[in-house]
Amino acid sequence: MHGEFKVPGGKLVVADVEVEQDCLAHVSISGDFFLEPESALDCINQALTGMPVTASHQTLAAAIKAALNDDVMMFGFSAEAVATAVRRALGKASSWLDHEFEVIAPVCLPAAEHVALDEVLAHSVGTGLRKPTLRFWDWSDSVVVIGSFQSVKNEVDMDAAAEHGVQVVRRVTGGGAMFMEPGNCITYSLTVPTSLVDGVNIEQSYQQLDAWVLGALNKVGIRARYVPLNDIASDKGKIGGAAQKRFANGVLVHHATLAYDIDASKMLQVLRTGREKLSDKGITSANKRVDPMRSQTGLERQAIIESFISHFAELYQTQAGSYLPQELEAAKALVSDKFLTEEWLYKVS
């Protein structure tokens, strides 16, 4: 069994392993990394030999560290990197190139249905009904989508929301509130096996899953960067933020909302925390708009989305996808049974 892992900003680690009776029987670690003393490589191989194939990433990394003396120098890789390569060899971890992705272009649905589809598609990917999926949202209604752990009373002025015809929906992922009117932002969801981020911590997983969109933004003229923990920004300020949910079935949903052309005045009236959120975008007047993508690219929103899809297809193996009838039916049922219920909306007081 063969697995490879390229350390971000570092070196390539290769694991060739054999398995006997559900344990690692023969292990050979190689790569273009640097390691002193040379004998430490044998220590790494021996530490992994005999480990059960079910060993977690943490367990494998800990075994490697325990086998190495304090004078060992690892440059361009780490015990964690070796563990990832081994897990990939065993099929427990995966890389982007191990998957073919379905890409669903924007389909206009009520925003609450898109919120529900995050949960529905996580089930579809987990059961093998569909491949890992990148999908873009489109909607015709005005809505505030709050994070799973936010308090409605602290985040939203419900009277102002009602006055402006803005619905409030709670999503399954954490993070902050999203003020979404038709055409004012670009939102996408990436539904993938958690094997894609095996062995990386939460912050690293955000960076890894946001990497493709940073390249896509560069293609449309925005030099963007990842800002821990979950923001995407350019030299002119914040563009958007991401959120995640890891499901028990081994599937992760990672989605992001990027500001295209937001009515700052209305947002400040509806969101109680709106003024603070605008401060990192350099907006000092409520009469201005938050439009980093529109002003920095000069492109129509649809053109940016098409460029994003094209860039993703340049990086990875993709095929055009669509929502299955049963997925749309399940999403509608979840909207009425869960996402638009008072119990769900006010689950955090």
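# Close-up views of a predicted model

**View 1. Aspartate 22 sits in the loop between β2 and β3.** The model shown here and in the other views is predicted. Phi of aspartate 22 is near 65 degrees, a positive value in a residue other than glycine. Aspartate 22 counts as exposed because its relative accessibility is 55%, and the cut-off for exposed is over 50%. Glutamine 21 lies in the loop between β2 (12-20) and β3 (23-31). Glutamine 21 also has a positive phi, near 50 degrees, and is a residue other than glycine. The relative accessible area of glutamine 21 is 78%, so this residue is exposed.

**View 2. A cis peptide bond runs from glutamate 36 to proline 37.** Omega of this bond is near -5 degrees. Proline 37 belongs to the loop that connects β4 (34-36) with α1 (40-48).

**View 3. Leucine 41 is placed in helix α1.** Relative accessibility for leucine 41 is 24%, which means that the residue counts as partly exposed. Apart from neighbours within four places in sequence, leucine 41 is in contact with Ile29, Phe33 and Leu35. The C-alpha atom of leucine 41 is separated by 45 Å from that of isoleucine 104. Along the chain, leucine 41 and isoleucine 104 are 63 residues apart.

**View 4. A cis peptide bond runs from proline 228 to leucine 229.** Here omega is near 5 degrees. Leucine 229 is found in the loop that joins β12 (225-227) to β13 (231-234).

**View 5. The largest pocket has a volume of about 780 Å³.** Its lining is made up of 29 residues, and the closest to the pocket centre are Phe5, Lys6, Pro8, Val200 and Gln208. Three elements, β1 (2-6), α3 (79-89) and α7 (202-219), each supply at least two residues of the lining of the largest pocket. Strand β1 provides the largest share of this lining, with 5 residues. By class, the lining of the largest pocket holds 12 nonpolar, 12 polar and 5 charged residues.

**View 6. The largest cavity has a volume of about 40 Å³.** The protein has 1 cavity of 30 Å³ or more. Lining residues of the largest cavity are Phe5, Thr84, Arg88, Ala93, Ser94, Ser195, Leu196, Val197, Asp198, Val200 and Gln208. These lining residues divide into 5 nonpolar, 4 polar and 2 charged. Phe5, Val200 and Gln208 are among the residues that line the largest cavity, and they are also among the residues closest to the centre of the largest pocket.

**View 7. The second largest pocket holds about 400 Å³ of space.** It is lined by 24 residues, and Ala177, Met178, Lys238, Gly240 and Gly241 lie nearest its centre. Strands β10 (178-180), β14 (237-246) and β15 (251-259) each supply at least two residues of the lining of the second largest pocket. Strand β14 gives the most to this lining, with 6 residues. The classes in the lining of the second largest pocket are 12 nonpolar, 7 polar and 5 charged residues.

View 8. Along the principal axes, the C-alpha atoms of the protein fill a box of roughly 70 × 45 × 40 Å. For 349 residues, a compact globule would have a radius of gyration near 20 Å, and the 23 Å of the protein therefore agrees with that rule. Of the 349 residues, 52% count as buried. Among contacts between residues at least 6 apart in sequence, 70% join residues at least 24 apart.

How values were computed
Residues are numbered from 1 along each chain as its sequence is written. This is a predicted model: local features need pLDDT of at least 70, side-chain atom pairs count only at pLDDT 80 or more; totals for chains, interfaces and linings use all residues. Side-chain values use heavy atoms; hydrogens and water are left out. On a 1 Å grid over the protein atoms alone, a cavity is a set of points where a 1.4 Å probe fits but cannot get out, and a pocket is an open set with protein on both sides within 12 Å along at least five of seven lines; lining residues have an atom within 4 Å of a point. Grid points are joined across faces, edges and corners, and a volume is the space filled by probe spheres set on the points. Ala, Val, Leu, Ile, Met, Phe, Trp, Tyr, Cys and Pro count as nonpolar, Asp, Glu, Lys and Arg as charged, and the others, Gly among them, as polar. The radius of gyration is taken over C-alpha atoms; the globule rule is 2.2 Å times the number of residues to the power 0.38. Buried means under 20% relative accessible area, exposed over 50%, partly exposed in between (1.4 Å probe, protein chains only). Contact means heavy atoms within 4.5 Å. Helices (H or I, at least four residues) and strands (E, at least two) are DSSP runs, numbered from the N terminus.
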